[in-house]
Amino acid sequence: MPTPSHLKNPLCFDFRAARRVPETHAWPGLDDHPVVDGGGGGGEDAVPVVDVRAGDAAARVARAAEQWGAFLLVGHGVPAALLSRVEERVARVFSLPASEKMRAVRGPGEPCGYGSPPISSFFSKLMWSEGYTFSPSSLRSELRRLWPKSGDDYLLFCDVMEEFHKEMRRLADELLRLFLRALGLTGEEVAGVEAERRIGERMTATVHLNWYPRCPEPRRALGLIAHTDSGFFTFVLQSLVPGLQLFRRGPDRWVAVPAVAGAFVVNVGDLFHILTNGRFHSVYHRAVVNRDRDRVSLGYFLGPPPDAEVAPLPEAVPAGRSPAYRAVTWPEYMAVRKKAFATGGSALKMVSTDAAAAADEHDDVAAAADVHA
């Protein structure tokens, strides 16, 4: 497994000029587990599809979150024309000259800005990708770093992303209610949980844009290392160039997520794993690269505010059992996660209160960690 490192600046690498993958970007062991097609056909590796409009949507969410930790979401009501404009604007950001993107480079400890994936600081190998992170609440001020003189590109980007954010907040609230119903709560109980915990009301959003350039040796490089998301849940909008893969056990394999026009991939994150007492589990996923085509994606991450403690919902804890996890804030969990990356351990195990569950989780993480090597 690559070792932690904070001593590199990969932003000077010219992906377009590369004729081979240098050792700095070459990841060993990428073929240790087979890759299977997650498209249609109804087989056991077909990625679950949830239609928000369906009468059995909550039941489908429950099965997908329990068995996969991820699913494809359709029927969500976000206009296809808006998604097309979002993808166009994301691609435009990464097509800017390097000198212009470097104006917005993310400094040490800064959560927002341009650069390699934030997770990359924990590994000695570099990833075949660029990213840009921003908070929708500070969109216009943040993007002035990239476009200091404003202009048409700035205005178009901000207008599109503000419209997108409005749609995604609506969808996030709708999906949260579906998740709670999927736990077996009635409509009245869902309303009671929200009134007491204010989970949806206080959820925060972060957007991360990704660009995965075409790669001369795609079997030696990784766009994004295998990991779980730390927050509640993530909507992933990906272009029609496939590249996202989910890790599954028994036997260990990677499942290639099909690129479905207009669909979001939903990933369950670690804090939602904790909130649901492990019933809905977070999912290991990675991004691979393509020899012939660039790929872009957008992650819309939902999580709690920094001061909110996340603990298992009483409704998710079986009668007569204790919660499997202790309460943590997001910053506290990120500190644990940082330690886990440095030691090769499991952040969820470190906040677990159940020794047996922790052991099982550690086995899962250790197996998934094998694919990092």
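Reader: How many disulfides does the count come to?

Author: The count comes to 0 disulfides, where a disulfide is a pair of cysteine sulfur atoms within 2.5 Å. Cys112 is in no disulfide, and the nearest cysteine sulfur, that of Cys158, is 13 Å away.

Reader: Is Cys112 buried or exposed?

Author: Cys112 counts as buried because its relative accessibility is 14%. Buried means under 20% relative accessible area, exposed over 50%, and partly exposed in between, with a 1.4 Å probe and protein chains only. Cys215 is buried too, with a relative accessible area of 1%.

Reader: What kind of model is this, and how are residues numbered?

Author: This is a predicted model, in which local features need pLDDT of at least 70 and side-chain atom pairs count only at pLDDT 80 or more, while totals for chains, interfaces and linings use all residues. Residues are numbered from 1 along each chain as its sequence is written, and side-chain values use heavy atoms, with hydrogens and water left out.

Reader: Now the rings. How many aromatic pairs are found in the whole structure?

Author: The search finds 21 aromatic pairs. Rings of Phe, Tyr and Trp (its six-membered ring) pair if their centres lie within 6.5 Å; planes under 30 degrees apart count as stacked, over 60 as edge-to-face and the rest as tilted. One of the pairs is Phe164 with Tyr300, edge-to-face at 6.1 Å centre to centre and 90 degrees between the planes.

Reader: Where in the chain do Phe164 and Tyr300 lie?

Author: Phe164 is in helix α5 (residues 152–182) and Tyr300 in strand β13 (residues 295–303), 136 residues apart. Helices (H or I, at least four residues) and strands (E, at least two) are DSSP runs, numbered from the N terminus. Phe164 counts as buried at 1% relative accessibility, and Tyr300 is buried at 0%.

Reader: What about strand β9? Which way do its side chains point?

Author: Leu244, Leu246 and Arg248 point one way from β9, and Gln245 and Phe247 the other way. In a regular strand the side chains alternate between the two faces of the sheet. In β9 (residues 244–248), 5 of 5 residues are buried.

Reader: Which strands pair with β9?

Author: Strand β12 (residues 285–287) is joined to β9 by 3 bridges, running antiparallel, and β10 (residues 253–256) pairs with β9 in the antiparallel sense over 4 bridges. Two strands pair if DSSP finds at least two bridges between them. Leu246 stands opposite His285 in β12, whereas the bridge partner of Gln245 in β10 is Ala256.
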